[in-house]
Amino acid sequence: MYDPTVARLTYRALLGRRRALILFALPVLLVVIAALVRGITGADDQTASDVLGGFALATMVPLIGVIAGTGAIGPEIDDGSVVYLLSKPVKRPTIICTKLIVAIAVTMVFSAVPTLVAGLILNGNGQQIAVAYTVAALVASIAYAAIFLLLGTVTRHAVVFGLVYALVWEALFGSLVAGARTLSVQQWSVAVAHKVTGGDIVTSDVGLPAATVLLVAVTVLATWYAGRRLRALTLAGEE
Amino acid sequence: MTSINIDHVSRWFGNVVAVNDITMTIGPGVTGLLGPNGAGKSTLINMMGGFLAPSNGTVSLDGQQIWRNEQIYRHIGIVPEREAMYDFLTGREFVVANAELHGLGKKQAQQALATVEMEHAQDRKISTYSKGMRQRVKMASALVHEPSVLLLDEPFNGMDPRQRMQLMELLRRMGDEGRTVLFSSHILEEVEQLASHIEVIVAGRHAASGDFRKIRRLMTDRPHRYVIRSSDDRALAAALIADPSTAGIEVDLKEGALRVQAVDFGRFTTLLPQVAREHGIRLLTVSPSDESLESVFSYLVAA
Ligand SMILES: Nc1ncnc2c1ncn2[C@@H]1O[C@H](COP(=O)(O)OP(=O)(O)O)[C@@H](O)[C@H]1O
Ligand SMILES: [Mg+2]
């Protein structure tokens, strides 16, 4: 279910594109914000939770998920170079799984690691807040990568749809409409963070069992469907 | 022996019928898929390459279905028409990656690069390559597993004459080795020079099949035009017009030539030298003036 050559082509394509700059810029921004907040307000658990929950988990993780997830396959399908992968006796699910693993790894590295660093700067992991949000970012990375990888196989406008989902649905709707919060990767991963801290400083609208089931279900379904899409991918002539 | 069987295949895109009930078999040797732009060549090749499902009919390789069968790529090599490849890699990295995806390694990649004579530029980024160099690296990536079938969509597009000759030489060699090589083109000269067998498609339909001579023969009931220069144009014209195989003659004084329109191709070709000999006229040049496939196309479309 993993092909090292597909993995190499995928991460080189991902990190070699101009879009990859955002992968570096967002984590830097988070760490800078953390340092400023710490400097201004001092170490405060609630503030740390607000920054990590409000910016890192709500905005940065989904954005990096969009770039890594759609970028792992979308551009190849757009420009047609995916032919070179598809004209090989490599199982389509293997191609998708490999690309998913790369997308997850990239999302994790560029979102969970800076979340941990920012958390340590903000309050030195008091009440386990830094670790809790890092775990949440790791969990969310998996689901986002799977969803946005699927999006990359479905539409040419994957980045736009991905951004709309990440910014409008997750960040805006999620904080206003109760129903949207139940169907939000962010809330599911916060449920995991809640479990890690054990306290009430991190709370989610979704219980841990439901969150776990939803996270696994979404990841598996998205990956399965992306594999199907790739199997029946049609390459028509130039329009 | 490997052959591709196309059995009553149609493909439509919405209301556009790109390929219309085509049945043909592509066997070993070099076959040219000839047709004007928009004829359905790419659509047909994409179906042979497993990248497009037929709306109707089946496309198979020695009895194995091609669509949704990735194991078929052990036997097929594909040179796509589109430009995009992994531009951020060097030529060598690209061909090695293609070899690895076939379960092969650096050795086979190096061999393929040598075959297409790209070793001198193999460590440059693909983004710096000329069109012809790209085409050759694509070719190397398609050859790396020594496939028995090679599919090429408009492979000579944008190549300079020297590169064109090299690629033709390579494809001819592959055909001689018993591989099944199919390439598409909308240019008569390319197909004429390279293909031992030609399939003509026009407006999605299979218009003709055979070697170049056979296709010409199919056209013999069509008026043929010749430009003839001789030692005595007027006398020749008078003698030719007496025969029913000659439909019309024009004496072009400025060019110093005769423009002859013949209706019976076979009869005219035996008549001409005979008449010349009888009248003591020397034939200087006899050349067909519209034997291009463009005229064949328009004839086929009208039929
Ligand atoms: N993806 C597509 N959507 C709609 N029409 C298409 C598509 N691909 C090809 N066609 C149409 O099918 C016909 C054949 O196209 P194509 O196979 O590319 O021809 P050729 O390669 O011979 O130039 C054309 O009329 C073209 O416009
Ligand atoms: Mg074409």
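## A nonpolar patch on chain A

Which residues form a nonpolar patch on the surface? In this predicted model, the patch is made up of V160(A), L163(A), V164(A), L167(A), V168(A), L172(A), L176(A) and V177(A). Together they have about 680 Å² of accessible area.

Let us pick out one member, V168(A). This valine sits in helix 8 of chain A, which covers residues 158-176. Its relative accessibility is 38%, so V168(A) counts as partly exposed.

## The nonpolar cores

Now for the interior. In soluble globular proteins, nonpolar side chains tend to be buried together. Here the largest nonpolar core has 98 residues, and L44(B) and M139(B) are the ones that touch the most other members. If residues up to four places away in sequence are set aside, M139(B) touches V79(B), V116(B), L150(B), L152(B), L167(B), L170(B), L171(B) and M174(B). Another core, of 50 residues, lies apart from the largest one; A20(A), A34(A), A143(A) and L215(A) are among its residues.

Beyond its neighbours within four places in sequence, T43(B) is in contact with R11(B), F13(B), A18(B), V19(B) and L52(B).

## Salt bridges within the chains

Side chains of opposite charge can pair when their charged atoms come close. Over all chains, a search of the whole structure finds 14 salt bridges. One of them joins K99(A) and E76(A), whose closest N and O atoms are 2.7 Å apart. This pair links distant parts of the chain, 23 residues apart: K99(A) belongs to helix 6 (residues 92-123) of chain A, and E76(A) to helix 4 (residues 74-79) of chain A. Both K99(A) and E76(A) are buried.

In chain B, D87(B) forms a salt bridge with R134(B), with 2.8 Å between the closest N and O atoms. This pair, too, links distant parts of its chain, 47 residues apart: D87(B) is in the loop between strand 6 (76-79) and helix 2 (91-101) of chain B, while R134(B) is in helix 4 (residues 131-143) of chain B. D87(B) has a relative accessible area of 26%, so this aspartate is partly exposed. R134(B) counts as buried because its relative accessibility is 8%.

Another pair in chain B is E177(B) and R179(B), where the closest N and O atoms of the salt bridge are 2.9 Å apart. E177(B), at 48% relative accessibility, counts as partly exposed, whereas R179(B) is buried, with a relative accessible area of 16%.

## Where the chains meet

How many residues does the contact take from chain B and from chain A? Chain B gives 28 residues and chain A gives 31 residues. The size of an interface is often given as the accessible area lost when the parts come together. Between chain B and chain A, the buried area is about 2900 Å², and carbon and sulfur atoms give 59% of that area.

Charged pairs are found here as well: the count between chain B and chain A is 2 salt bridges. The side chains of E93(B) and R12(A) meet in a salt bridge, at 3.3 Å from N to O.

Key
Residues numbered from 1 in each chain as written. Chains lettered and ligands numbered in written order. Predicted model: local features only at pLDDT ≥ 70, side-chain atom pairs only at ≥ 80, totals over all residues. Heavy atoms only, no water. Patch = residues over 30% accessible without salt bridge, like charges linked within 9 Å, V, L, I, M, F, W, Y side chains within 5 Å. Areas by Shrake-Rupley, 256 points an atom, 1.4 Å probe, with all protein chains shown as cover. Salt bridge = Lys/Arg side-chain N within 4 Å of Asp/Glu carboxyl O. Helix = DSSP H or I, 4+ residues; strand = E, 2+ residues; numbered from the N terminus. Buried < 20%, exposed > 50% of the residue type's maximum accessible area, 1.4 Å probe, protein only. Core = buried A, V, L, I, M, F, W, Y, C linked by side-chain atoms within 4.5 Å. Contact = heavy atoms within 4.5 Å. Buried area = accessible area lost by both parts, 1.4 Å probe.
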